[in-house]
Amino acid sequence: MSAEIENFEVTRIAVVVFASERSFGRTGELLAGAAHFAALAASWATVPPQTELWLLGEEYLDEALLLPVDVICHVTLQEPRLCSAEEWMPALTRLYQRRRPQAVLFCSDLAGNELAVRLAVRVGGSCMTEVSSFSMNADVLTVARGAYGSNLTAHFDMEGPWVLSIAKGAFESLHKSLHESNHEPLHEPTREPTQDKGTPEIITLVESLSDGSWHKGLELRREEAEEGIESAEVAVIGGRGVGNRENMERMRRLAGLMNGRLGGTRPAVLDAWLKHKDLVGASGNLIRPRLCLAMGVSGSGPFMAGVEKSGVLAAVNNDPDALIFKYCDVGVVEDCNAIASELERILMKERQMGSGDASPAGSGAEPQGSCLD
Ligand SMILES: Cc1cc2nc3c(=O)[nH]c(=O)nc-3n(C[C@H](O)[C@H](O)[C@H](O)COP(=O)(O)OP(=O)(O)OC[C@H]3O[C@@H](n4cnc5c(N)ncnc54)[C@H](O)[C@@H]3O)c2cc1C
């Protein structure tokens, strides 16, 4: 063992929760995770690590006082209001610099995941979200989390300081067993403290929202819930070959004209032409439409895992050697955007004729019917 590792010690673990019912409700489970972390770290430490609760917001301090923690850092805002993760970052970063925990644990909800990633970047730590378990060997933490749409469990070795968000349910059984030994859930108030640590030390910090933050405003917009690609009967999939966001919008119109939905490959999602929820493949949606039309898609293994259960797989690719032609039922060697334009034109015309506002058939118009029939 190197001298550096010999000196390495986890002395402090912080659990971060918002003072809201949903976030505070998971404190017991997070503290069970922290207890597990402390037990692992204790094998490599000369003194048992301390556990701290960082409570963000006005409420729940009375309840927190009854928890088995050594220190509570209670952070409130001068101008309390609904605010985004980024607005908490200056306060959270300052608190981290002041307390210097080797591990920080968040809930794996939207806010917890976002705070974890942002904090890790700011403090030069390593981050993993949705962690389902972990083990420790000296200064290396091995964490497990679901991968490929939770079809696999991936293990990652991480060097500290560690900023983790803990998957829901990961430490539920440990939480229950601690609860049974204490006779009360860890997050619910009791008349007497449930632990033998005594009343925790309280550090109160009143922070300003605007102080040091580049984030100047917050606008909340409600998105209409729409049916996703996962249940589509007809799926149009846009790949990197579609080329840009404008062309992808044409693919969306085409999907609409076919009474279908638009999904995309990973490059299309990473380029933000589509949202992450539209990703098709092993890491996203595994779909089983009657018809899947793959446009500008090469046919990689991770992508094919998402469409292999399609009734009919049709592909348009301008490379005759593209791998997807080995798997598809119908293949067209062409520019996918030219094909999409032509299909859009034909289907539009069909629609207009259906509603009676187009020129009659047989007047020199284009051939009728979808070329995919
Ligand atoms: C751990 C892991 C998980 C992954 N999970 C997923 C996943 O869930 N889903 C996913 O999609 N990928 C996933 N990937 C990525 C995957 O390996 C491929 O990189 C990806 O699927 C390729 O996407 P693509 O076909 O759009 O792009 P490319 O492979 O770049 O293919 C683009 C194709 O478009 C064709 N083309 C270019 N221009 C045109 C044009 N004008 N007209 C017609 N054709 C054109 C090209 O000939 C080419 O065949 C994963 C990778 C890893 C390592």
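1. Two residues are taken to be in contact if their C-beta atoms, placed from the backbone, lie within 7 Å. In this predicted model, helix α3 (residues 27–42) lies across the strands β1 (12–18), β2 (50–56), β4 (103–107), β5 (126–137) and β8 (162–166). The helix runs at about 170° to β1.

2. These strands belong to an open sheet of nine, with mixed pairing and the order β7-β6-β5-β8-β4-β1-β2-β3-β9. The edges are formed by β7 (152–159) and β9 (201–207); each has a single partner strand, so one side of each is left without a neighbour in the sheet. From one strand to the next, the twist averages 30°.

3. The axes of α8 (residues 245–257) and α12 come within 9 Å and cross at roughly 35°, and the crossing is left-handed. Among the residues making the contact are Met251, Leu254 and Leu257 of α8, together with Leu343, Leu347 and Met348 of α12. By class, the contact comprises seven nonpolar, three polar and four charged residues.

4. Helix α12 (336–354) also takes part in the ligand shell, where α9 (266–270), α10 (301–307), β13 (312–317) and α12 each supply at least two residues. Of the 27 residues around the ligand, those that come nearest are Gly239, Gly241, Thr265, Gly281 and Ser298. The shell divides into ten nonpolar, 13 polar and four charged residues.

Technical notes: Residues numbered from 1 in each chain as written. Predicted model: local features only at pLDDT ≥ 70, side-chain atom pairs only at ≥ 80, totals over all residues. Near = placed C-beta within 6 Å. Helix = DSSP H or I, 4+ residues; strand = E, 2+ residues; numbered from the N terminus. Nonpolar A, V, L, I, M, F, W, Y, C, P; charged D, E, K, R; others polar. Pairing = 2+ DSSP bridges. Axes fitted to C-alpha atoms, helices over the stretch in contact; angles between N-to-C directions. Left-handed = near helix turned anticlockwise from the far one by under 90°.
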